[in-house]
Amino acid sequence: MLRSASVVSVCLALSAPAAAAPPGPARFDRDVRPFLERHCVRCHGADKPKGEFALHAFGPDVSAQRSGYAAALERLRAGDMPPDGEPRPDPKELDRAAGWIAAGLAAAGGSDDRGAGDRPADGNRVPHAAL
């Protein structure tokens, strides 16, 4: 009886679906666009973008919006955006979006090993959080 219970346990364990493998590299349409839509575009969209900073038209070509992506990455890494009172993104979701932006900036020549937050394209040397 004990042996058949062990066999059944092993069979159940082998037939159970394996834990989902972590997704591959972040992609704009799957990871970044939904992140921007959930956490940014409501305030930084086409209609009266706060701070005159609109993200609604950002696309997968980081080099075309290099300074905007660098500014967004700086604010995300500093924890300034989304602002207090707004829903906070899941840390894994934020890391995937920020990682995709950082990789795009590096590929576009807008970053080095220090990261875009250390060298924003707009020349601002003081982190937004320190203001």
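Is Y69 buried or exposed? Y69 is buried, at a relative accessible area of 1%; buried here means under 20% relative accessible area, exposed over 50%, and partly exposed in between, using a 1.4 Å probe and protein chains only. Some notes on the rest follow.

1. **What you're looking at.** This is a predicted model, in which local features need pLDDT of at least 70 and side-chain atom pairs count only at pLDDT 80 or more, while totals for chains, interfaces and linings use all residues. Residues are numbered from 1 along each chain as its sequence is written, and side-chain values use heavy atoms, with hydrogens and water left out.

2. **Overall layout.** The chain has four helices and zero strands, giving the pattern α-α-α-α along the sequence. Helices (H or I, at least four residues) and strands (E, at least two) are DSSP runs, numbered from the N terminus. Of the 131 residues, 31% are buried.

3. **Contacts and surface.** Take contacts (heavy atoms within 4.5 Å) between residues at least 6 apart in sequence: 59% of them join residues at least 24 apart. The chain exposes about 8,600 Å², with carbon and sulfur atoms supplying 58% of that; accessible areas come from the Shrake-Rupley method with a 1.4 Å probe, and for residues only the protein chains shown count as cover.

4. **The aromatics.** There are four aromatic pairs. Rings of Phe, Tyr and Trp (its six-membered ring) pair if their centres lie within 6.5 Å; planes under 30 degrees apart are stacked, over 60 edge-to-face, and the rest tilted. F53 and F58 make an edge-to-face pair, 6.3 Å centre to centre with 70° between the planes. F53 is partly exposed at 24%, whereas F58 is buried at 10%.

5. **Back to Y69.** Y69 and W100 have ring centres 5.8 Å apart and planes at 70°, so this pair is edge-to-face. Y69 sits in helix α3 (residues 66-78) and W100 in helix α4, so the pair ties together parts 31 residues apart in sequence. W100 is buried too, at 14%. Ring pairs join F28, F53, F58, Y69 and W100 into a cluster.

6. **A buried glutamate.** E93 lies in helix α4 (residues 91-107) and counts as buried at 18% relative accessibility. Beyond its neighbours within four places in sequence, E93 contacts F35, R38 and H39.

7. **Cysteines.** With a disulfide taken as a pair of cysteine sulfur atoms within 2.5 Å, the count is zero. C40 is in no disulfide, and its nearest cysteine sulfur, that of C43, is 9.0 Å away. C40 is buried at 11%, and C43 is buried at 16%.
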